[in-house]
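Please look over the structure below before reading on. The text after it goes through some of its parts in turn.

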Amino acid sequence: MANGMGSIFVGHSGLKASQDSIHNVANNLANVNTQGYVRQQVVFRDARYSNIAYSKNNYKKLVGQGTSIGEIVHARDIFLDKAFRKENGRQAYYQATYDAIDEVQNFFQELEGTAFQEILDGSEGSLWQAFEEFSKDPSDMAAQNLVIQKASLFATRSQAVFKGLMNYQKQINIQISDNIDDINKYIKQIYELNTRITSIETGGRETAMNERDARDYAIDQLSKYGNITYEERKNGAVAIKFEGELVADDMFYHQIGKKTDRMTGYVTPYWPHLSNEEAGKYHEVFDFTREICTEFDTDIGELKALLQARGTTVSNFNDILNADPDKYDSTTGLSVMQNTQAEFDQLVHGIVKQINDILAPNKKMDSLIVREQNADGSYSYVQYRNANVLDEENCCVGMDGKKPPQELFTRSGCPRYKEVSAFDEETGEWRTFYMYNEEDVNDSEPYYDSNGKTYRVFNSDNTTVAKVTLQETNGEPDIQNGKLVITGRTEEKPYTPWDKEGNKKYTGEKINGRWIINENYTYDTSKQYTSLEIEINFNLLKDVKNLPHKHDNLEIAHDMAIKLANLWDNKTLSINPRYTQSKYSYSEYYKEMVGEIGIVGSMYGTTAEKLEGTVSAVENQRNEVIGVSSDEELTRMIKYQNAYNASSRYIQTVSDMIEMLVTSL
């Protein structure tokens, strides 16, 4: 009888196991579309055994009591998880970079219906075509008007392109800020789930299935933004690192801070717990000094790609003109936005400056002694070496015949010339010179010390200045052999007309007699011919006839006009600081610049596409393990239903047998 009742318990255990399995299948089916849900699988085990007797060899005679559910497990593959998360982050890096490059390409393809290249050198309606017409008859007012019109259109379109690039930088900056918020959300979520998992699983009797699913999903999402590593501890908590820094476990979590630049508004992620904010020392999340490559796993994460694409500031021609190649590659050249801004602005600067230098040419003077009147009526004297002044002998004038001649493009922050009273060695008299308001440009040169460190030092070909004392007779400076007699001078220094307190171009230190440039110096772009600062000369807009077109002897300046038209054939611009020997014309430069963007974009786009396929393949493999298939679950449900029915029939058979035995007795 006892064995009969025990047999009923065996059938009961089958019913219970089948019923719980059906509930598990129902749970899987209910979550078939739930993000992050991992398929749960039932693992059966034998129920306990009863010892009913011993054999003659003293072996136990055991009778099983049926089956039970041993555990419900997550169907995960840790190797596929790691592969997916790494490739997911790498694909996000290349995709984000490609998207930025693709957006840059759009700025040059079409602007308000007119491609920029058509304005530059197209056969109709371009600046080049306007100068071609001007060269035929510089005195023709229609040709002069065409030059002004196309120059104005060129300036407007240049500013539109540059402002478009700047606006896109701001959009990227918003994305960066949003990414940091998302990262912080997932870090906090992982920490909270860690604490819940450890509290649930502490007793060793229950597994926090739903919490583990949510945590794994948060880790999947976090992998998109940067390089992550993680390990699960014995208590069930996951210790996770982001870009090498431990950010969360079950005891604490560290979120990313936002350092905002007051000038640009650009956000830079940093670790607040490793920084001394009061001292202005910030420990940034990403180290861009390391080579970016797959070998070192430094090409992972959307946030890193966005930071790299946006850059740290707005660049212009100063960042590329005569720049040190290594420094350029690790700073401006690293950012697609800054590199494009620098290259494009160099093109605009080159065109504008060369046009102006033909309309209002300068010459360099070995020595120019300028007389400045003091408040008490006395004079002091300043000597400029290598100073640029208007070349009055070779310049042309407009209809009014006045000098200095009008430049076509002006700087918003200063006029082209300033009038000074200086000594003319040819006539031996003091007269008015038109001294060029020098552009403050990055025209320094590199210097390597004995330890291999690179300095940027003053280029001796540039202008220097010193106060001098002149020998006088009867209160007038003495002249010998047509030159002023100098009796004393202060130290000769680089001429820095736009220096401001707190923003000096030179540190005041020297190395091997060369003045060292301040690495933190910021250029006053209002004093430069940059895309954002150029304007059409207002005097020419008022009276186009004052555009220089004739010589002092009233002859039409065909030679000057031909020089302007031939500018488009001159190879004067280098697109890369590392290959300065390669020179391009304006048209060639523009095509090379756009072509370079296209090549880099194609490379990143192809890589992103390939990685997308890799991520999809790994994800598909992973989904075969963790994903819920309704067909498979329904198949299992039928199996468990049949098992339930079989257990029910088994119980019924045993019950009938017991009933027969009882009634027979």
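The model shown here is predicted. Begin with the sheet. Strands of a sheet pair through backbone hydrogen bonds, and the pairing can be parallel or antiparallel. In this open sheet there are three strands, in the order β5-β6-β7, and the pairing is antiparallel. The edges are taken by β5 (228-232) and β7 (245-248); each has a single partner strand, so one side of each is left without a neighbour in the sheet. From one strand to the next, the twist averages 30°.

The pairing of β5 with β6 can be followed in more detail. Strand β6 covers residues 238-242, and five bridges join β5 to β6. Along this pair, Thr229 stands opposite Lys241 in β6. A helix also packs on the sheet: α5, residues 141-201, touches β6 and β7. The direction of α5 makes about 65° with that of β7.

Next come the helices. An α-helix has 3.6 residues a turn, so residues three or four places apart point the same way. Helix α4 is made of residues 127-136, and its buried residues are Leu127, Gln129, Ala130, Phe131, Phe134 and Ser135. What do the buried residues of α4 pack against? Their partners are α3 (116-121), α5, α9 and α11 (558-566).

Helix α7 spans residues 302-310, and nine of the nine are buried, so α7 is largely enclosed by the rest of the structure. Buried here means under 20% relative accessible area. The buried residues of α7 include Leu303, Ala305, Leu306, Leu307 and Ala309, and also Glu302, Lys304 and Arg310. Just after α7 comes Gly311, which takes a positive phi of about 85°.

The last part is empty space. Rolling a probe the size of a water molecule over the atoms shows where such space is left. The second largest pocket holds about 980 Å³ of space. Its lining is made of 37 residues, and Leu321, Asn322, Lys353, Val441 and Asp443 lie nearest the centre of the pocket. Which element gives the most to this lining? Helix α9 does, with six residues. Both α9 (336-359) and β10 (362-365) supply at least two residues each. By kind, the lining residues divide into 15 polar, 13 nonpolar and nine charged.

Technical notes: Residues numbered from 1 in each chain as written. Predicted model: local features only at pLDDT ≥ 70, side-chain atom pairs only at ≥ 80, totals over all residues. Heavy atoms only, no water. 1 Å grid on protein atoms, 1.4 Å probe; cavity = no way out; pocket = protein on both sides within 12 Å on 5 of 7 lines; lining within 4 Å. Points joined across faces, edges and corners; volume = space filled by probe spheres on them. Helix = DSSP H or I, 4+ residues; strand = E, 2+ residues; numbered from the N terminus. Nonpolar A, V, L, I, M, F, W, Y, C, P; charged D, E, K, R; others polar. Pairing = 2+ DSSP bridges. Axes fitted to C-alpha atoms, helices over the stretch in contact; angles between N-to-C directions. Contact = heavy atoms within 4.5 Å. Buried < 20%, exposed > 50% of the residue type's maximum accessible area, 1.4 Å probe, protein only.
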